[in-house]
Amino acid sequence: MAEARAAVLLVALLSVASCLPLGPAICLAQDRTGIPTPTPAPTSIPAPISAPDVGHSNAVSDADGEALRALASRHFEAIGRGVARLGVSDAPWGKAVLEALHDGRLAVGSDSDRIVIRENGVARDAVTGATLTGDALRRIRVNNRIRGAIRIALAERALRANDVSAREAAAMALYHHPGADALPVLDRAMSREKAASVKRALTLARAAIVLKTGAAPGQERAAVETLGKSGRLDARGLLAGVASSSSDPEIAGSARKAVASIDRRQRLWGIVQNVFYGASLGSVLMLAAMGLAVTFGVMGVINMAHGELMMIGAYATYATQYGLHRWLPGLETWSLAVAVPVAFGVCWLLGIAIEKGLIRFLYGRPLETLLATWGLSLCLQQLVRSLFGPTNVAVTTPSFLSGSVAIGGTEITIGRIAILVFSGCVMAGLLFILRRTRFGLQMRAVTQNRRMAALMGIRTARVDALTFGLGSGIAGLAGVAVSQIDNVSPNLGQGYIIDSFLVVVFGGVGNLWGTLAAAMTLGIGDKVLEPLIGAVSGKILLLVLVILYIQKHPRGMFPLRGRGVDS
């Protein structure tokens with residue numbers, strides 16, 4: 001009898017030992033006779049969260065397990081406690097669980113407390129990520145209070161991130177959406193934060209919460225000073241509300257002073273932004289007028305088709321992008337860089353052909369030259385309409401030129417910065433050609449005294465053809481730049497030809513430094529006057545001022561020097 005009892009005890013111990021690990025598929029059970037029989041382990045019901053099958057890398061701590069069990073509750077108070085615990089948890093799966101709960105994608109098994117994330121029709125274990133099937137799920141409901149708690153919990157997790165930019169972005173998110181519940185989170189984050197930029201963002205967020213919610217009585221004045229010193233435009237509305245609604249006259253007065261300070265700061269940054277936009281416009285005018293200054297200065301030709309050469313450069317950019325997209329998609333990102341030599345080459349060859357086929361026969365006859373080039377511009381427009389259609393074509397801006405840079409209280413687009421740099425590079429290259437090459441020496445000689453240059457053996461006809469080609473190529477480069485900021489259509493050049501001639505005459509015919517000075521003067525003057533007296537009135541005033549200046553100085557700001565210039 002004792003031996004039988006010992007045998008039964010041994011079998012029972014073996015049965016318990018075989019059931020301890022969670023992985024085996026079979027465990028021992030006993031039937032009514034006491035004989036142990038193998039029984040398959042249940043597979044349809046997942047294991048409870050209190051003993052999850054998560055392995056060593058996904059082990060759930062006691063606090064995280066309590067949080068998950070709270071989320072599985074049907075009561076909002078318990079769910080709120082679970083959200084708060086996940087906010088202070090370091091579990092790697094905590095963020096995904098909170099986001100799924102906020103989006104209504106978090107569920108719990110109907111007959112268990114396993115938390116499941118549903119996404120695209122697939123249910124996955126929230127902890128292990130394992131795909132689950134065959135279990136009825138109940139969606140975990142949330143209300144607005146729970147959604148606010150989720151936002152705070154996500155912010156608290158983000159404020160503990162290793163990336164400084166992520167912590168700063170989380171702080172600014174709390175600044176833009178201030179809530180009294182976030183104040184303890186900010187205080188904890190400020191006590192451990194070391195990065196200066198994140199500390200500034202946390203201080204701004206805390207000041208916004210204090211003024212918006214009144215969560216920290218007695219700290220309103222310090223909050224007003226903090227937001228006033230920031231100079232941020234989005235802080236002005238909050239301070240204006242405090243100035244009009246605060247019952248404390250000292251706080252209201254401080255808020256009004258802070259609003260006035262922000263207004264002064266924004267006006268100054270507005271001037272800076274207008275100056276930058278003016279410089280950007282000036283760089284475009286400089287590109288458009290640079291080639292015209294060369295041809296007009298050297299050859300004395302009034303080329304009314306110069307704007308259409310810009311238009312052809314813009315269409316060459318479009319054709320280059322289209323060709324790379326269709327046949328060499330790997331180079332599509334660099335299509336704009338490839339378009340620069342293509343546009344220059346196409347317009348350079350076209351310019352030489354125009355000079356040899358039309359302009360050469362009209363030297364010394366400025367009225368006929370003006371009419372002929374005007375007719376040529378109409379022909380080029382119609383040719384482009386026949387090839388590409390009358391509507392605008394889309395020229396894509398590369399990804400590396402998209403976006404903007406925040407400088408103080410203004411936003412500066414990267415594309416316009418690139419155009420400024422590109423204009424400077426084109427001018428530097430043209431100055432190098434004029435000052436450091438044999439062709440540049442011959443061009444300057446013809447510009448200063450054509451007859452003397454011919455007597456010295458310079459082939460003036462060849463210089464004229466190459467100069468007209470160079471000016472046309474620069475117009476093509478201007479078209480590449482303009483394609484990034486303007487609509488590319490057959491009428492593109494008409495908007496720049498008049499301003500280009502104005503820049504050339506105002507700056508001094510044939511002088512590149514005069515072209516630069518005139519372009520920047522007109523561009524910056526236009527953008528500075530526009531918010532003061534309007535766009536149309538500003539252009540009229542600039543035109544009147546230029547006319548008055550030319551009456552006093554007919555040769556422009558930087559006239560050329562030379563014995564043959566006056567003739």
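1. A quick definition to start: a residue is called buried when its relative accessible area is under 20%, exposed when over 50%, and partly exposed in between. Keep in mind that this is a predicted model.

2. With that in hand, look at helix α20 (residues 512-533), where Glu 530 and Lys 527 sit 3 residues apart, about one helical turn. The two form a salt bridge, with their closest N and O atoms 3.7 Å apart. At 33% relative accessible area, Glu 530 is partly exposed, and so is Lys 527 at 26%.

3. Another one to check is Arg 206 with Asp 187, at 2.8 Å from N to O. Arg 206 belongs to helix α8 (residues 196-213) and Asp 187 to helix α7 (residues 183-192), so this pair ties together parts 19 residues apart in sequence. Arg 206 counts as buried because its relative accessibility is 18%, under the 20% cut-off; Asp 187, at 32%, is partly exposed.

4. Then there's Arg 450 and Asp 464, whose side chains meet in a salt bridge of 2.9 Å, N to O. Arg 450 is in helix α17 (residues 450-455) and Asp 464 in helix α18 (residues 460-482), 14 residues apart. Asp 464 is buried at 3%, while Arg 450 is partly exposed at 31%.

5. Finally, the surface carries a patch of positive charge, where Arg 74, Arg 118, Arg 139, Arg 141 and Arg 147 gather. Arg 147 is part of helix α5 (residues 144-158) and is partly exposed, with a relative accessible area of 32%.

Note on methods:
Residues are numbered from 1 along each chain as its sequence is written. This is a predicted model: local features need pLDDT of at least 70, side-chain atom pairs count only at pLDDT 80 or more; totals for chains, interfaces and linings use all residues. Side-chain values use heavy atoms; hydrogens and water are left out. Patches are made of residues with over 30% relative accessible area and no salt bridge: like charges are joined within 9 Å, nonpolar side chains (Val, Leu, Ile, Met, Phe, Trp, Tyr) within 5 Å. Accessible areas come from the Shrake-Rupley method with a 1.4 Å probe; for residues, only the protein chains shown count as cover. A salt bridge is a side-chain nitrogen of Lys or Arg within 4 Å of a carboxyl oxygen of Asp or Glu. Lys and Arg count as positive and Asp and Glu as negative; His and the chain ends are not counted. The place of a charge is taken as NZ of Lys, CZ of Arg, CG of Asp or CD of Glu. Helices (H or I, at least four residues) and strands (E, at least two) are DSSP runs, numbered from the N terminus. Buried means under 20% relative accessible area, exposed over 50%, partly exposed in between (1.4 Å probe, protein chains only).
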